[in-house]
Amino acid sequence: MVMNLDALILALDNGLRTVLAPAQSVRAVPGKELEDAALTEAEKKHAASLMRINHVGEVCAQALYQGQSLTARNPEAKAALAEAAREETEHLAWCEARIDALGGRKSLLNPVWYASSLAVGMAAGALGDKWNLGFLAETERQVGSHLAAHLTELPVADAKSRAVVEQMQEDEARHAETAVAHGGAALPMPVKGVMQLMSKVMTKTAYWV
């Protein structure tokens with residue numbers, strides 16, 4: 001498959017902006033109106049690490065959608081991927097804001113996460129739109145599961161981080177539904193298992209690095 005040179009240039013630009021530049025959000029950061037909670041240093045560190053994992057997940061999402069859109073064939077599939085990517089950019093901004101507020105830092109491996117996810121996304125897109133969108137839907141479901149787990153792990157008093165995660169969870173569920181509505185196919189169980197394994201490696205590493 002021959003890819004448009006302009007699309008490749010845009011993909012490179014998107015990668016550089018995702019990894020190096022502060023993300024922007026049209027919507028306000030969820031929970032912005034809430035008061036800052038009095039958290040212990042241990043609670044701040046733990047919450048910041050969880051939000052770093054979420055930020056890495058959004059870096060990977062940007063790369064996945066970029067790679068998938070490069071190789072997607074159907075205009076409707078491309079549009080669905082583009083819309084999801086726009087909201088994932090907002091998620092990036094929200095996670096960055098919470099990481100900064102909690103005194104944390106973003107993952108040092110973000111360039112690696114982006115590059116590897118871009119390759120996976122391009123491979124998924126090359127398989128055809130039904131598998132491309134099916135991969136998107138399954139990715140969003142697994143992300144939603146991680147976010148649900150984080151809601152139980154975040155410090156009880158950290159309402160600001162909780163508000164961000166809850167809105168992200170709602171958005172991810174909608175992305176999955178949209179992908180299925182556009183013809184996304186259910187992935188084979190072995191593929192889902194590999195995705196879960198890769199996700200565990202990413203989350204365990206991103207908590208610390």
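R27 counts as partly exposed, because its relative accessibility is 29%, which falls between the 20% limit for buried and the 50% limit for exposed. The model is a predicted one. The partner of R27 is E90: the two form a salt bridge, with their closest N and O atoms 2.6 Å apart. Look at where they sit. E90 belongs to helix α3, while R27 lies in the loop between α1 (5-20) and α2. The pair is 63 residues apart and links distant parts of the chain. E90 counts as buried, because its relative accessibility is 8% and buried means under 20%.

Side chains of opposite charge can pair when their charged atoms come close. How many salt bridges does the structure hold? There are seven. Some of them connect further. R27, E90, D171 and R174 are linked in a network of salt bridges.

Next, find D158 and R98. Their side chains meet in a salt bridge, 3.1 Å from N to O. This pair also links distant parts of the chain. D158 is in the loop between α5 and α6, R98 is in helix α3, and 60 residues separate them. Are these two residues buried or exposed? D158 counts as buried, because its relative accessibility is 2%. R98 counts as buried too, at 7%.

Now turn to a bridge inside one helix. E138 and R141 form a salt bridge, and their closest N and O atoms are 3.4 Å apart. Both residues are in helix α5. They are three residues apart, so about one helical turn separates them. An α-helix has 3.6 residues a turn, so residues three or four places apart point the same way. E138 is buried, with a relative accessible area of 7%. R141 is partly exposed, with a relative accessible area of 44%.

Helix α6 comes next. It covers residues 159-181, which makes 23 residues. From its first C-alpha to its last, α6 reaches 33 Å. That is close to the 33 Å expected at 1.5 Å a residue. Several of its residues are buried, including V164, V165, M168, D171 and H175. D171 also belongs to the salt-bridge network with R27, E90 and R174. What do the buried residues of α6 pack against? They pack against α2 (41-71), α3 (75-101) and α5 (129-153). After α6 comes G183, whose phi is positive, near 105 degrees.

Go now to the loop between α3 and α4 (110-126), where S107 is found. S107 is buried, because its relative accessible area is 6%. Its side chain reaches the backbone nitrogen of L109 at 3.1 Å. Leaving out residues up to four places away in sequence, S107 touches R52, V56, W113 and V209.

Finish with the rings. The structure holds one aromatic pair. Y207 and W208 form this pair, and the arrangement is edge-to-face. The ring centres are 4.8 Å apart, with 75 degrees between the planes. That angle counts as edge-to-face because it is over 60 degrees. Y207 is buried, with a relative accessible area of 18%, whereas W208 counts as exposed at 61% relative accessibility.

Terms used: Residues are numbered from 1 along each chain as its sequence is written. This is a predicted model: local features need pLDDT of at least 70, side-chain atom pairs count only at pLDDT 80 or more; totals for chains, interfaces and linings use all residues. Side-chain values use heavy atoms; hydrogens and water are left out. Helices (H or I, at least four residues) and strands (E, at least two) are DSSP runs, numbered from the N terminus. The expected span of a helix is 1.5 Å times one less than its number of residues. Buried means under 20% relative accessible area, exposed over 50%, partly exposed in between (1.4 Å probe, protein chains only). Contact means heavy atoms within 4.5 Å. A salt bridge is a side-chain nitrogen of Lys or Arg within 4 Å of a carboxyl oxygen of Asp or Glu. Rings of Phe, Tyr and Trp (its six-membered ring) pair if their centres lie within 6.5 Å; planes under 30 degrees apart count as stacked, over 60 as edge-to-face and the rest as tilted. A polar contact is a pair of N or O atoms within 3.5 Å; within protein, one must be able to donate a hydrogen and the other to accept it, and residues adjacent in sequence count only if both atoms are side-chain atoms.
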